[in-house]
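Have the sequence and the 3D view ready. The paragraphs below go through a few side chains in turn.

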Amino acid sequence: SDGCGPCRMIAPVFKQLAKETGQENAVFVKVDTNAQYDLSGRYGVRSLPTFMFFLGGKKVNEFSGAGEQQLRQFTRDVVNRSQRENVVLSKEALTTYYAEKDP
């Protein structure tokens, strides 16, 4: 949200982490909760910023707040787990998944 100070504070870290991690390892998505209030309601977002980590279509971790170390650690954890489990995420697979789950 544009009116969220902690969101603005962590945004450059989020962007840099996405760049460091690479699209071949993870998909980073920023959601405007003012515009997508139904989505934030569905996922139970109560405070901003909230970060959710998904693997194989299932939420595996979540936290709220502008904690850079927590963001980096949870990102490392989910990327490492996806590599261990040989989870491959293509743009086509992501598009198909969301077309089925969130038409």
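Predicted model: local features only at pLDDT ≥ 70, side-chain atom pairs only at ≥ 80, totals over all residues.

Residues are numbered from 1 along each chain as its sequence is written, and side-chain values use heavy atoms, with hydrogens and water left out.

A pair of aromatic rings is described by the distance of the centres and the angle of the planes. Rings of Phe, Tyr and Trp (its six-membered ring) pair if their centres lie within 6.5 Å; planes under 30 degrees apart are stacked, over 60 edge-to-face, and the rest tilted. Searching the whole structure gives seven aromatic pairs. One of them joins F14 and F28, edge-to-face, with 5.4 Å from centre to centre and 75° between the planes. F14 belongs to helix α1 (residues 5-21) and F28 to the loop between α1 and α2 (37-42), so this pair ties together parts 14 residues apart in sequence. Helices here are DSSP runs (H or I, at least four residues), numbered from the N terminus.

F14 counts as buried at 18% relative accessibility, whereas F28, at 22%, is partly exposed. Buried means under 20% relative accessible area, exposed over 50%, and partly exposed in between (1.4 Å probe, protein chains only). F14 and F28 also belong to one aromatic cluster with F51, F53, F63 and F74.

Now turn to helix α2, where S40 lies. S40 counts as buried, with 13% relative accessibility. Its side chain reaches the backbone oxygen of Y37 at 2.9 Å. Beyond its neighbours within four places in sequence, S40 is in contact (heavy atoms within 4.5 Å) with T33 and V45.

Conventions
Helix = DSSP H or I, 4+ residues; strand = E, 2+ residues; numbered from the N terminus. Polar contact = N/O pair within 3.5 Å; in protein donor to acceptor, adjacent residues only side chain to side chain.
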